[in-house]
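Work through these exercises with the structure in view. Try each task before you read its solution.

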Amino acid sequence: MKKLAFMLFGASLLFVAGCKKESTDDGSGDSGALVVEKKQRSMVGYVTATWCGPCGAYGGPNFKSALSQFGEDDITMLNIHTSTSRLTPYFKKESSMNNPDSVFITPLLGGIFNSLNIPTNSNGGFSIPSFSMNGGFLGTSNVDVNTIKSNMDAHNANSPQIGVAARKKISGNTISVDIKTKTFEELTGDYYITALVLEDQVYGVQTGAPDPNNTEHRNVVRALMNGGGEMYNQKLFGDMPFASGTVAANSEYETTLTLNYKKYTSANINPAFGLVEWDMVPADTKIAVIVWSKFDQNKYIYVNSVVAK
């Protein structure tokens with residue numbers, strides 16, 4: 001758990017404040033063959049920022065309450081911070097490692113927003129906190145634990161088209177996830193996998209929270225695992241689908257994705273930016289694996305997911 005004080009991080013985009021466990025192991029290594037359960041899970045994308053008062057007052061507490069009550073066997077919960085938040089996912093390019101004023105934002109928001117169906121205004125901004133669930137916009141101030149539960153129960157009652165299992169492995173600074181998918185009916189389309197590294201139990205600033213300088217943040221998206229394993233080459237979706245065209249029922253696919261974590265210092269990132277450091281701890285590291293169906297060039301439809309803890 002980290003107690004940190006931070007300075008202001010400059011804005012770069014416009015936002016409007018609406019202000020069986022077959023899938024996991026302990027991170028130590030191989031636990032046998034992955035088994036894909038015929039199980040539909042829901043996914044919540046909570047869009048937030050550390051400067052957002054309503055996020056600290058009710059958005060974040062509702063997100064954490066849902067995560068605590070429902071666990072992660074039936075639902076995948078993503079804490080997605082905007083590019084102006086101190087918890088935005090960031091990285092350094094190799095060419096700028098010694099330039100502390102050069103920091104890059106992980107290409108998460110631009111790639112996932114169309115798929116989450118978060119509404120934007122005429123200027124391209126959007127209200128936060130915002131909740132998306134199973135690829136549809138759920139709401140802002142009106143979203144509470146009961147809203148999430150009712151939507152989860154309804155969605156999870158559907159028979160899954162594709163199931164997914166995943167196993168996390170961490171060795172030194174290398175984060176890996178073994179993934180297996182299985183189709184339960186004949187399908188037609190292009191199907192992609194996203195793997196997101198989540199950091200649980202991050203302590204830092206949050207405007208509007210009871211303790212604005214030391215607030216717990218859970219399941220914060222820290223990195224993307226597509227892109228060849230390097231922090232500077234992260235991608236939300238892989239270059240190629242794991243299944244395409246007409247896919248027979250009971251088709252299986254297996255892959256392993258890796259990410260080489262790098263710990264940055266003040267020599268790499270200017271402390272004045274106020275970014276909350278990602279200090280990777282295996283016990284607090286989860287990997288959310290999401291299966292998508294490609295709808296068009298800019299939009300993907302949520303299919304299923306699982307969290308490897």
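**Exercise 1. Place Thr88 in the fold: where does Thr88 lie, and is Thr88 buried or exposed?**

Solution. 
- Step 1: Remember that this is a predicted model.
- Step 2: Find the loop between β3 (75-81) and β4 (90-91); Thr88 lies there.
- Step 3: Read the relative accessible area of Thr88, which is 0%.
- Step 4: Apply the cut-off: buried means under 20% relative accessible area. Thr88 is therefore buried.
- Step 5: Look across to Leu108. Thr88 and Leu108 are 20 residues apart along the chain, and their C-alpha atoms are separated by 9.5 Å.

**Exercise 2. Describe strand β7: which strands pair with β7, and in which sense?**

Solution. 
- Step 1: Recall the general rule. Strands of a sheet pair through backbone hydrogen bonds, either parallel or antiparallel.
- Step 2: Take strand β2 (residues 42-48). It pairs with β7 in the antiparallel sense, over 4 bridges. In this pairing, Val47 stands opposite Ser130 in β7.
- Step 3: Take strand β8 (residues 136-139). Here 3 bridges make the link to β7, and the two strands run antiparallel. Ser132 has Phe137 in β8 as its bridge partner.
- Step 4: Look at the turn. The hairpin of β7 and β8 has 2 residues between the strands, and Asn134 takes a positive phi near 55 degrees.

**Exercise 3. Draw the open sheet of 3 strands: what is the strand order, and which are the edge strands?**

Solution. 
- Step 1: Write down the order, β9-β10-β16, with antiparallel pairing.
- Step 2: Strand β10 (residues 174-183) meets β16 in the antiparallel sense over 9 bridges. Thr174 stands opposite Asn260 in β16.
- Step 3: Pick a residue in β9: Arg167. Its relative accessible area is 5%, so Arg167 is buried.
- Step 4: Find Asp178. Arg167 and Asp178 are 11 residues apart in sequence and 5.1 Å apart in space, C-alpha to C-alpha.

**Exercise 4. Follow strand β17: how many of its residues are buried, and which strands are joined to it?**

Solution. 
- Step 1: Count the buried residues. In β17 (residues 285-296), 9 of the 12 residues are buried, and the strand is mostly covered.
- Step 2: Go to strand β11 (residues 187-199). It is joined to β17 by 9 bridges, and the two run antiparallel. Thr194 has Ile290 in β17 as its bridge partner.
- Step 3: Go to strand β18 (residues 299-308). It too runs antiparallel to β17, joined by 9 bridges. Ala288 has Val307 in β18 as its bridge partner.
- Step 4: Find the connection. A hairpin joins β17 to β18 through 2 residues.

**Exercise 5. Find the largest nonpolar core: which residues touch the most other members?**

Solution. 
- Step 1: In soluble globular proteins, nonpolar side chains tend to be buried together.
- Step 2: Name the residues. The core has 41 residues, and Ile75, Leu78, Leu108, Phe131, Ile148, Leu196 and Trp292 touch the most other members.
- Step 3: Find the largest share. Helix α1 (residues 53-70) supplies it, with 5 residues.
- Step 4: Look for another core. One of 36 residues lies apart from this one, and its members include Ile162, Ala195, Val197 and Val289.

**Exercise 6. Inspect the largest cavity: what is its volume, and which residues line it?**

Solution. 
- Step 1: State the volume, about 80 Å³.
- Step 2: List the lining: Pro89, Tyr90, Arg222, Met231, Tyr261, Lys262, Lys263, Tyr264, Glu277 and Trp278.
- Step 3: Sort the lining residues. There are 6 nonpolar, no polar and 4 charged.

Conventions
Residues are numbered from 1 along each chain as its sequence is written. This is a predicted model: local features need pLDDT of at least 70, side-chain atom pairs count only at pLDDT 80 or more; totals for chains, interfaces and linings use all residues. Side-chain values use heavy atoms; hydrogens and water are left out. On a 1 Å grid over the protein atoms alone, a cavity is a set of points where a 1.4 Å probe fits but cannot get out, and a pocket is an open set with protein on both sides within 12 Å along at least five of seven lines; lining residues have an atom within 4 Å of a point. Grid points are joined across faces, edges and corners, and a volume is the space filled by probe spheres set on the points. Ala, Val, Leu, Ile, Met, Phe, Trp, Tyr, Cys and Pro count as nonpolar, Asp, Glu, Lys and Arg as charged, and the others, Gly among them, as polar. Two strands pair if DSSP finds at least two bridges between them. A nonpolar core is a set of buried Ala, Val, Leu, Ile, Met, Phe, Trp, Tyr and Cys residues joined through side-chain atoms within 4.5 Å. Buried means under 20% relative accessible area, exposed over 50%, partly exposed in between (1.4 Å probe, protein chains only).
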